[in-house]
Amino acid sequence: SLKTLSLRNNREISEAGAAALVEMLQYNASLEYVVLSHEIELRGRVEELTKINREAASPHAAFGRKVKRIVDSEHGSIEDAVSLALAGLDRFSESDQQQEVL
């Protein structure tokens, strides 16, 4: 799977595009690095989500950390956390993997 996404030569990324990238990273557990060419407002969140993917022991552990991140911060609502947890449960159907998402 894709580990690094280089957008270094793309200076046309808008804030809406960056927001879509952050949304995608919420559900992606394999992308470990995103290389951006310029400062965007959401750069810190992109880096935070890719760091979770890099450091997590497994994809389902990455989902669990992202759910916890939403619950523990102002980055989203409890509905966002529940939605992400449900997506993780659907994606990782074996019971031992589901425990890591929860």
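In this report, a contact, or touch, means heavy atoms within 4.5 Å. The structure is a predicted model, in which local features need pLDDT of at least 70, side-chain atom pairs count only at pLDDT 80 or more, and totals for chains, interfaces and linings use all residues. Residues are numbered from 1 along each chain as its sequence is written, and side-chain values use heavy atoms, leaving out hydrogens and water.

Let's start with the overall layout. The protein has 5 helices and 2 strands, arranged along the sequence as β-α-β-α-α-α-α. Helices (H or I, at least four residues) and strands (E, at least two) are DSSP runs, numbered from the N terminus.

Now look inside. Buried residues (under 20% relative accessible area, 1.4 Å probe, protein chains only; exposed is over 50%, partly exposed in between) make up 38% of the 102 residues. A nonpolar core is a set of buried Ala, Val, Leu, Ile, Met, Phe, Trp, Tyr and Cys residues joined through side-chain atoms within 4.5 Å. The largest one has 13 residues, and Val34 is among those touching the most other members.

Helix α1 gives the most, with 4 residues. Which residues does Val34 touch, not counting residues up to four places away in sequence? They are Leu5, Leu7, Leu21, Leu25, Val46 and Thr50. A second, separate core of 12 residues includes Ile52 and Val67.
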